[in-house]
Every structure is written in structure tokens, then in C-alpha cells.
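Reader: I am new to this structure. Please show it to me, and let me ask about the words used for it.

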Amino acid sequence: MMNYLLRAVNLSKVYHNGNVQTIALRQVHFALQEGEFVAITGPSGCGKSTLLHLLALMDKPTGGEIYFMHQPTSGLSDKQRAQIRRYHFGFVFQNFNLIEELTVAENIALPLIYQRLPEPERKHKVWQVMERLDVLHKANFYPMQLSGGYQQRVAIARAIVARPQILFADEPTGNLDSQRGLEVMELLSELNQQGMSIVMVTHSQQCVKFAHRAVHLFDGQIVSSVISHLR
Amino acid sequence: MQTLQEWFKFALGSLLRNRLYALLNIVGLSVGIAAFTVLFLLFIHETQYDNFHPHLRYLYRITEEIKQSGIGEHAASVPFPLGPTLAAEYPHLIKRVTRLFNFQSPSLAVSYGQKKFNEQRFFFADSSFLQLFGFQLIEGEASKALSRPGSVIITPSTAKRYFGNSKAMGKRLIFRDKFTLEVTGIVAEPPRRSHIDFDFIASFSTLEQMPVKAAFENWIWNPCWTYVLLDPEASPEMVQNCFPDFVQKHFPGNLAPQVKLHLQPVRQIHLYSDLDYEISANGDVRYVYIFGGMAVFILLISVINFTNLSTAMASARVRSVVIIKAMGISRGELFYFHLLEAALMSSFAILVGFVMVEIVSPFLTDLSGNPLQGSVLSEKNMLAGILLAGICAGIISGIYPAYYLASFEIGNFYQGHLQQLHLGKRFRNLLLIVQFSISMLFFIAMLVSGKQLDFLQNAKLGFDKEQVVVVPVAGSRIVQVYPEFKEKLQRHEAIASVTAMEEVLGKSYQTHEFYSQEKGNQFYPSIVVGHDFIRTFNIEILVGRDFISRSGKPSSSENDFGVVEDMFNYFDEDEHNAVIINQAMVEYMGWGNPLNAIGKTLSRKTGNEKVVGVVKNFHFSSLHKQVAPFVIDLAGDNIHRTYIKYVAVKIKPDQIAAGLKAIHQVWNALNPSQPPDIFFLKEKLDKLYIKEERFKQLSTWLTAIAVLLACIGLFGISSFVIQQRRREIGIRKAIGAYDYQLVGQIVFEFLATIAISIFITAPIGYLLMSNWLNMFPYRISLTADIFLIAGGIIILVSALAVVHNAFQVTRFTPMETLAQGW
């Protein structure tokens, strides 16, 4: 038996809007090994982001099962799902999704606050991650005062500050220029090399190159899973 | 125009989609407008008293102050001869004078055939009555109706009561079983806003046939409410300046130095007058200000509410508005359309509000418990005013949401920065603070007024008011046969004791002149009573003894508490020689120890009274007044008929029904021609606090309305804020926040704002209510529990309003929450 950290079996998702049904995912099988870096690719509307959200337990599937550390998640309560997100997952959104009313440092500290980490330890960790991502000098800035590149760094800092086992990234370079995008991908690659498993949704072939494996989605189904030779 | 039409289609669709908010918004404003209108009606009612009299500017009442060292009375009435004498001596200053007189009796017996009533609104008046006041004669001649002795004018409802549908003019009524009164006019019902309220006005000259004629030249007894119409050339000051000489000339020498006459404008009587022997219960200008303030506050809450809910509703249509804007509608047009929409909604709310007022208006009463005048629709100026105020309120409250919606820019929307455009977090919180501060203030007012009323109604008065039934007997045959009435009653086993008195103890009192070595002649608050007064009311004797009847023993052997037998046996006849005083009198006289007062002279002209007992201070009038020196004088045979107006009967516990039956039986046996008019002392005394009762009732209703409105507003604003913060909530959920943490955070943030308003209002409420309580010499103290209860309940109710919306965040997954956010 393979040592899968995260596994999806027969995963499907259907959206209902009045009488209209939209099938976003059909019987998708997906697996992530510990330390693996997987890129999910495919055309717009193929269900990449939906799959990522389901895998990150941010949404509930219509059918199928997701196993995290071999435990099925469908029967978990909202609180238990939140607990997994809190202690094991990190998430980087395409549009950064920073809280406008909080400063950079406060945004980054959020996951640690929910983990109820004591303040001195929390401050230390936030300081460490800010230094690592080169945003220390922006600690007291508000998101609106930052460029897109810095906002994405802060979003990544927030996602990794609690050292999650899996980092989910939804188009992490989608809103950045190529130079900033490259920097972000190098950062993700470095995190992966340090042991963090990563699932990333991307359009960009440049980004795919940083992953161990590229899963290609089309019309809600996985049509290929290719191990990268470029890496 | 086309654009406007399209806009209203769009707006209507939006309202229908947000039915709950639209309904809350309209209902909220309607309730607010209705409450404001009721308060405004009350305000108008109280401030428009007596304004129907044609010469109001020149119309005054003469009042008489008889005081020495602050002790005595300030009466709304003056002696019989005062009015005519004044008019005769100063014809250049006084054009007309009218006196009103009712024997100072709570009711007067009138009959027509088998119909017999005790009439409480019966007055004798000079023939100038109809010329002086604005009361309208429907039938008869105003100049002659009251000119002859034995004439009476009555109101249509009274005519119907006595004569049914047959013509009343020329019919003959019988007054007090003896005197014939011919109906010489039908006078329109007095307007409700009149301090003179009557069913009968009989000609003053009728009194010349009665024994009271003897008082026509008496300058001491002051039973006549006397009104004067000043010459337009004369100023009140000119009249006032004549008073000292006039008093000196006419009042008895020993009384004159203590007497001051005053002119009181009739237009000010209802709101500003609180004298002894008022002709009817008056209002109080302080309450008018309070209700005016409350009206403004309620309107303010409604406007804030409307603003909050409109903003919440506006937030639901941001996307559509941005699209409409993209299609070419300018910011100015959007702003204008929104204002128009708000004005239309508020107009609709006003209509609903008026319907509410019309429904409740039959149940509305003024401060004195009298019904309010007619309907809102009868007050045309007020109607126009409220319509204008309501539409303005709608427009003012529509400005912020209109600005809010018009300010959205297309670019910002697509960049996902809409949340930054809501400039109003502080503004919103400010509105919430104002709203809840007002609610808290009302809540405090409700609790304090309730506690104070409870205190007033249940305070220990120093005498028993329970189980005591009062029977007015003035002018009836019972006065003449009182000893027999009492004796027959006392034989009944349900009756504990019987006494007679000049006024209703605890409600009112008289002032009588007594001579003492220390103070000379002076008028003191006092009451003339029959035997067993102390015993019936269970007043505590500190030193000395109760009155003793001629046999030398207490009149009842059943209970002889407080009586020290033979201790002061030198008083041979208490009827002529004894008075009982209270502690305050001992202090006023400077006698030191109450024991020193025993045997001191305190004599009236009719006797050689000495003090036989000192009782503990008791509240001989309402708790609005401090306890003052007081004399209890035992009526002798010679003064029985003049002074005894009430019989007080104490019924044994659990035998009320039997006791009442006994009173009726004995009364009917001794005075079959007149029905008895009985009331319980406690009920009468509770009515002394009708203004406080009305204040409590109103503040209770207003608190309920204010809290309801504030919570509707809070419900709307919390829904709006949660909608605005969905993205943030989604992010927090994605990061791993538990639902209960998010709900807790949202609720806490709102409650923190409300807690601020509570902390701001508590000291303001303390100051305002301390001020209100200062009106009362006897009052509750403002304790922390009042503020804790008010604050606690407001927090609790607010939490309920927010929790429902806050729980919405738990219904969605993080992604659903994020997707629905902006």
C-alpha cells in the first residue's frame, strides 16, 4: 500500500442553480504522496480549482471520498474539517485574499492565533517567516499599501507560517508579472524541498515545470497524470 | 422620465426580492411615526389647554396665598366677596368677574323624578360666566341664562341622561332634595382641553336661598374660583399692585398680614399651576418637556433605523447598481432616484403609522387620565406637520444609503475592492450607539419611574389606607344624622370603626386658623374630624392620648390603644377643648420634647383648645409634599354640619363585601332619596400619582418600541455587515477558524458597540433621573441594579438580534462563503 498523504476516490461535484445542473467534477481519482509537488492543469472551467478546494476540505463533494492520512473525511463535522485545515493545511489564493483591515504581520499571524499559540512564540514564528519571505520591512503595512508581488508573498507567508503538511496553491502566479511569478515558484520549490507537500493549480507551463507531477483535467475528468522530467 | 420608470421597476423588484428587510423597514418607520404622533398629540393636547376662550390674553384667575414662615396654603380659590368687590373698586382695570363654587364638595345631589345622581361636575357661577369664557350656548340666551335665581344650564349629554330625548329647556331639576333649578340653556360640551370641566352651571344667585349665603361677606373661607377679565388697557402688574391695599382694606386684621393675592393667567393654569384646591387635576409642564423629548428621540431612532435598513438593502443590490451605472446612469441620477425611493417608502410608512394611531387613539389619555381630543385627522396643522416631518425624515435617512450606492464605481467592483468603499463603519457604529443610548435611556426611565411609582403607592403613610371605605356625605341628610349613621354601622359585625372627616385623609386637607402663645394667630394645615379618627386610621400616638368622648371614655371600648386613661383629665370636653398635633408641629412651635406640647394652647375662635396628644408624623397629603405641621381638631356639635364632608368606615379584614352591603343598607335606611357614593381610600390615594402612572405607562411602551426599533435596525445592520465581511469570514474559515469562534467574534463586536452606548448613557440616565426624582420629597435612591438590569436586558435582546445573522456564516463552506462575498 502506497503512503498517500491525501487521496480522492470517485470524487464528483455538481453545482445546482435552480433547475440548472453544472457538473464540475466526474469520478476523479487523485493521490498525493508525502513530499510530492503536484500541479493541476487544464483549460478554464475544467474543474481545477474545484478539485483543489475539495482536496483542501474547503468545500464538500457531491460524491466520492477524500482520505487524509488514510482517514475518510466525508463523515467529519465542520469543526473537524476546520481542525485539519488549521493544523495540517495551508492555502494560497489566486487573488491573495488578505484581510484588508489587518496589517501584514496580523494577516500572517492568523493561523497561529487559531492554533492558540502563545503570543511570544507566535511573534517569533511570524517574524521568522516574514524574514524568510523578505516582507519584514512591510510588517505594519496594510495589504492595500502593497504591490501584487508583496501581497502574494504575504499570502504564502500566512499559508506556511504554521508549517502545514500540505500547501494548496490556486494559481499562485496568476496575478503576478513573470519575474515575480518566478520568484514565487522558486519559493514553493524550496518549501517542497524542505518536505512540504504541495498541490498547485496553474495555467502556466512554466510553473508546471517546478512540479514532480502534472495532472491534466478536462471537462471535470483527469485525462493524464505526467511525471515531470524537467525537474 | 423613462429612466425614472425603469428605475422604479428595478427598485420594486429589489424590494420584493428583499421582502423581509422592506417589511421591517416600513414597519419600523411606521411604528416610529405612530409613537412620535401619539407623543406629539399628547404634547399638543397638553399645550393647547384653554386656548378656546375669546379673551385669553386678558383672562386671569385670582389665587390666595395665606402663609407665615412657609406654613399655610396657596389656594386656587378665594373668599366669596373678593371678586365682586375687586371689580367694583377697580372698574378701570377689571372688565368682568366670574366666580365658580361647588361647596368644596366632591359631589352634589341632583334629581329629576326618580332619576337621582351624585354630580361631580356641578358648579354655581355668576351670570357673566358665558361672557367671560368661550363656552358656547346651543339653546337659550347667553345674556339671560344665568341671571335669575334657580336657573341652570346643562350639557347635551347631561340633558340626555336626565330627560332622554325630550326637550330639556324649561324642565326643573331638584338640587339637594330642596331647591328647584330650571333649565334655561343647553351649553355645548366643554372642550376636552379645558381646566374647567362641567355638566351643570347653576346661577350664583341661587345660593342666596341657601344657608351658605351667610358666607357671602366672609373674607376668611375661600371656596370660590374667581376669574377676572382685565381691561385691555390694564396690565396684570397694575392689578397686582392694587392687591396689597385691597387686602389691607378688606381682610380681617389678624389675617391680612398673612394674605397675598396673585393673578394667574388662565392659559398657564393647566401646565404651571399646582395649588391647593385646584378646580380639576392639572398637567405638568415638566412632563410635557419629557414627552416632547421622547417624541424627538423616537423619531431619531426611527430615522436611524430606516438608514440602517436601507443601507442593508442597498448592499444587496450593489451588483445591479454597478451594472446600471455601466449602462450610463450618472452618479447624480442614482443618488436622486434613491432619495425619491426613500421618500416614497417613508410616505407609505407614514400612512401605515397614521392608521396605527387611529386604531389606538380611542385608548389614549392625557396626563390626568382624560381622553385625548379626537383623532389625528382632526388636527389638520399637525397632520401636515407630521407628513412633512415624516417625508423629511425619510429623505434624511435616505441620504446615506443613496450616497453609499451611488458611490460604487465599476472599476472597483471588478477589482474586488468594493469593501473599501464603505466609508461608514464609524458612522454606522455612531448610529448604533445613538440608537441604543436612547433605548437605554428609555429603559432606565421605565425602571426608575416604575420603582418610584411603586414606592409612592406602597410607601408607609403613617396611617392605614387598606380596608378603609370613604363615603362622601357633604350636603346630604347623613350629616344631620351622623351619630345615628355611625351607631348603626358600628353595630354591624363587619365594621371595625367609623369616623368623620373634613377632607379625604392622605389626599387633601384644609388650613384653619389657630392661636398659640408662640406664633400668635396663624393658619395651619389641619383637618376637622369626628371621634375614632385616630383609631380608624391607626395613627400612632407618641405622647398624650386620643380624643375622649363626653362620657370620659374612648368612644369605642373594643380597642383603646394609644389612650392614656385619666392622665389629662382636666380636659372636660374634647369637642371644644382638645386638638392633637403631629411631631412637625411640635418642632415648628419649638416645644422640643413632644411631652412638652401636652397642655399647650392651640385655640380656635370656637373653643379653647389645648394639645392632648402628639402623633407620629404621617402623610396627610400626597408624597409630592413634605410633611408639615398639622393639627387634628375634633368637631364639636356646632361645627359638625359645616366641616364633616366624609365618613370613613374601616371594614374588618375579609369582610369587605359584607361591610359594603352594611354601608349601603344603613345609608338607604337613613337617606333613601340619594344614592351613596362610595370609594376605597387606597384607590383614591393611588390616583394621586396618575401623572407618575402615565409616565411609567408611556415610558414602558416607548421603551418597548425603542428597543424593538433599535433591534430591527441592529438586525438589518448586522446582516449588512456580515454580508460585507463574507470574504473576510471565508478567509478565516479557510484558515481554520471554527464557526463558533466566528459567530462569537461577530456578536462580540456588535455587543461591544452596544456596551459603549450603555456606558455612555448610564451616567446621563443617572443625572436625568436624579433630576426627575428631585421633584419628589420622598423618593427611591438610584441603585446600580437599575442600570445593570437595563444594560443587561439591552445586551441580551441585542445579542438575539445579531445571533441569527451571525449564524448565517455557519451555513456555508469556506469556498461558498468566499464565492458569495465580494
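Reader: What makes Lys650(B) count as buried or exposed?

Author: Buried means under 20% relative accessible area, exposed over 50% and partly exposed in between (1.4 Å probe, protein chains only). Lys650(B) has 14% relative accessibility, so Lys650(B) counts as buried. One caution on the source: this is a predicted model, where local features need pLDDT of at least 70, side-chain atom pairs count only at pLDDT 80 or more, and totals for chains, interfaces and linings use all residues. Residues are numbered from 1 along each chain as its sequence is written, chains are lettered from A and ligands numbered from 1 in the order in which they are written, and side-chain values use heavy atoms, with hydrogens and water left out.

Reader: What does Lys650(B) meet in a salt bridge?

Author: Asp464(B), at 2.7 Å from N to O. A salt bridge needs a side-chain nitrogen of Lys or Arg within 4 Å of a carboxyl oxygen of Asp or Glu. Asp464(B) has 25% relative accessibility, so Asp464(B) counts as partly exposed.

Reader: Why is the contact of Arg61(B) with Glu278(B) called a salt bridge?

Author: Their closest N and O atoms are 2.9 Å apart. Arg61(B) is buried at 0% relative accessibility. Glu278(B) is buried too, at 18%.

Reader: How do you know that Asp276(B) and Lys625(B) tie together separate parts of the sequence?

Author: Asp276(B) forms a salt bridge with Lys625(B), with the closest N and O atoms 3.0 Å apart. Asp276(B) lies in the loop between α7 and α8 of chain B, and Lys625(B) in the loop between β20 (610-615) and β21 (631-634), so the pair ties together parts 349 residues apart in sequence. Helices (H or I, at least four residues) and strands (E, at least two) are DSSP runs, numbered from the N terminus. Asp276(B) is buried, at 11%. Lys625(B) is partly exposed, at 32%.

Reader: How many aromatic pairs are there over all chains?

Author: The count is 52. Rings of Phe, Tyr and Trp (its six-membered ring) pair if their centres lie within 6.5 Å; planes under 30 degrees apart count as stacked, over 60 as edge-to-face and the rest as tilted.

Reader: Why are Phe80(B) and Phe204(B) called edge-to-face?

Author: Their centres are 5.9 Å apart and their planes stand at 65°, so the pair is edge-to-face. The two residues are 124 residues apart in the chain. Phe80(B) is buried, at 0% relative accessible area. Phe204(B) is buried, at 4%.
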